[in-house]
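Me: I would like to go through this structure term by term, asking what each label rests on. Please set each value against its cut-off before concluding.

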Amino acid sequence: MPYLGSEDVVKELKKALCNPHIQADRLRYRNVIQRVIRYMTQGLDMSGVFMEMVKASATVDIVQKKLVYLYMCTYAPLKPDLALLAINTLCKDCSDPNPMVRGLALRSMCSLRMPGVQEYIQQPILNGLRDKASYVRRVAVLGCAKMHNLHGDSEVDGALVNELYSLLRDQDPIVVVNCLRSLEEILKQEGGVVINKPIAHHLLNRMSKLDQWGQAEVLNFLLRYQPRSEEELFDILNLLDSFLKSSSPGVVMGATKFFLILAKKFPHVQTDVLVRVKGPLLAACSSESRELCFVALCHVRQILHSLPGHFSSHYKKFFCSYSEPHYIKLQKVEVLCELVNDENVQQVLEELRGYCTDVSADFAQAAIFAIGGIARTYTDQCVQILTELLGLRQEHITTVVVQTFRDLVWLCPQCTEAVCQALPGCEENIQDSEGKQALIWLLGVHGERIPNAPYVLEDFVENVKSETFPAVKMELLTALLRLFLSRPAECQDMLGRLLYYCIEEEKDMAVRDRGLFYYRLLLVGIDEVKRILCSPKSDPTLGLLEDPAERPVNSWASDFNTLVPVYGKAHWATISKCQGAERCGPELPKTSSFAASGPLIPEDNKEREQELPDSGALMLVPNRQLTAEYFEKTWLSLKVAHQQVLPWRGEFHPDTLQMALQVVNIQTIAMSRAGTRPWKAYLSAQDDTGCLFLIELLLEPENSEMQISVKQNEARTETLNSFISVLETVIGTIEQIKS
């Protein structure tokens, strides 16, 4: 919907563009065109000057042509009939003596996302593929992929594919890389571009002439070629050896992945490659680019899964800087934990100790957990540091230290005595659920070594009614019953009170059931209680908490230089699956009523909303903006499927309603200004099955009611009812907010 005042702006600009005096002054004419572009980028609807802008493209000024072509590519889907008039100018420019003009015209023509443009761009693209200027060939090669996307699911043009394969031997290196990208897009359904021996050897020989982006791209494509012999394999590796020292991190990572995958049968070669890329990775970890630093740290952690001590001599490179963002600090702390050895343990622990008092509570807690992880190997030093941290009497620090102690006494029983001596007094500084559970567990399991354990638990029992976390109450039940077995005289009375409260007054069913279970267990006898609660401590599942075994390089080589180290394998698989579902969503049905006027939805909107398995509910597809012309034709050809009247009182704000409708993927085609009587709006929406809804809203303030008329391209009563329910909810919510 146009912004307020845009009509006056459009009239002013149209008058200026038609002024012969301004047209005669090239600089003034260009300034007016720049104003049109500026208003367009600010969100104003500048489609009203389309014809004047088309006329402005007939100029020898390249800057002016660029501005006009940018405008045309933006508004061509909204003005497809008028945009066809600009095709003649573009076709003429494709034969211009200036290669910059030819390339600019061809690129703009391929970017016109409107019906029927394919037949006009096919011949200019073929001519561009044979053009003498390399810039024009670059544009034409990418235009082949755009033309294929415009055709949709049509068959692949074999002649065009052969032409692109032949251009892989072009003298211009950028043309070669663009050919690979276009072939990959065009042959996506067939598995992508095929890399055979001649193509692979040709690309290898051209690698030195490519720019850094091209080298990274070609290295990725070369992974599809499998050398026929061991001799050929090592010849290829020797040829690419210099790229492991490239100044571009992307090229280094691509070359590393190439070496790791091709040398999968030669572990010593893989190890040597990882040693050689240690320097570039460390440099990336210290990069000013935070994104590059984070990705490099993720890959360092991946390498450490196979080579645990690979970066141990450079552990200081992973010390955190005060100005670094939180997510990089967390990655560095994780890396430091994996680099600890006998030589650097003292320095690493001192560094982590400093992080424990950081102003960021989350980072401080992460550092304490890291010390707890190191404590599995270097118990005494870590327990001493953790004990000193308890003396700070900081709530967030005490909570995490107690949780770390709980895990530590489970995995390292030899430190139990030191932990029990450090616990008295810390209960005063614990307020959150996790910390309380950890402390209560320690008091229950090792309460016989802690003199004041029954009295600490008694405080929890007295405040059990005000406790908001059921998990704490359940942990308190178990701990008190365990302590009762070793210190019955001190715990008998409070255990009875706690059981009575949990059985008679507690509302949480899980806590009540556990209280009943323990009460009935006590009725059976103390021996049965000991048999169940004091079972052997050697739990076979403890193996899950121990350090995992070293993973071979081949287990993650294919994930190197991808987003898997960043997201994690399981998470990235889920993301990839969702993206695939969006790309392969349902197409708009091509019914006979739509065929006469062309496709209802512009071709550039290719994304589909992810299909959910439980698709019983209505799911509206986002970004389905219809053109006004198509909406009008379709609206006139359909009958009203539903009509109703909703009450409306007070003022009305169209912008608020439009924003609310966009949230539920209902798009606005046209809307009256605020204060217009009667006020009208035309809306559209489409569900994931292709069912199209066209809506008219009519508000008459005098009658205090809003009339809703809905038309549907397919007669589906259940879907229509669901859509009406969504629309009523949005309008009702806006009415409530207003009132």
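Me: Which residues does Thr 256 touch, not counting residues up to four places away in sequence?

Reply: Thr 256 touches Leu 244, Val 273, Leu 274, Val 277 and Phe 560, where contact means heavy atoms within 4.5 Å. This is a predicted model, in which local features need pLDDT of at least 70 and side-chain atom pairs count only at pLDDT 80 or more, while totals for chains, interfaces and linings use all residues. Residues are numbered from 1 along each chain as its sequence is written, and side-chain values use heavy atoms, with hydrogens and water left out.

Me: Why is Thr 256 called buried?

Reply: Buried means under 20% relative accessible area (exposed is over 50%, partly exposed in between, with a 1.4 Å probe and protein chains only). Thr 256 has a relative accessible area of 1%, and is therefore buried. Thr 256 is found in helix α15 (residues 249–262), helices being DSSP runs of H or I with at least four residues and strands runs of E with at least two, numbered from the N terminus. In the protein, buried residues make up 48% of the 739 residues, and the secondary structure comes to 36 helices and 5 strands.

Me: What makes α3 and α5 roughly parallel to each other?

Reply: Two packed helices are described by the angle between their axes and the distance between the axes. The axes of α3 (residues 26–41) and α5 (residues 62–75) come within 10 Å and cross at roughly 30°; axes are lines fitted to C-alpha atoms, for helices over the stretch in contact, and angles run from 0 to 180 degrees between N-to-C directions. Angles under 35 degrees count as roughly parallel, over 145 as roughly antiparallel, 65 to 115 as roughly perpendicular and the rest as oblique, and α3 and α5 are therefore roughly parallel. Among the residues that make the contact are Tyr 29, Ile 33 and Ile 37 of α3 and Leu 67, Leu 70 and Tyr 71 of α5.

Me: What is the strand order of the open sheet, and which are its edge strands?

Reply: The order of the 5 strands is β1-β5-β4-β3-β2, with antiparallel pairing, where two strands pair if DSSP finds at least two bridges between them. The edge strands are β1 (640–647) and β2 (667–671), each of which pairs on one side only. β4 pairs over 8 bridges with β3 (residues 679–686) and over 8 bridges with β5 (residues 705–712). Leu 683 stands opposite Ile 695 in β4, and Glu 700 stands opposite Glu 705 in β5. Helix α34 (residues 628–637) lies across β2, β3, β4 and β5, running at about 90° to β4.
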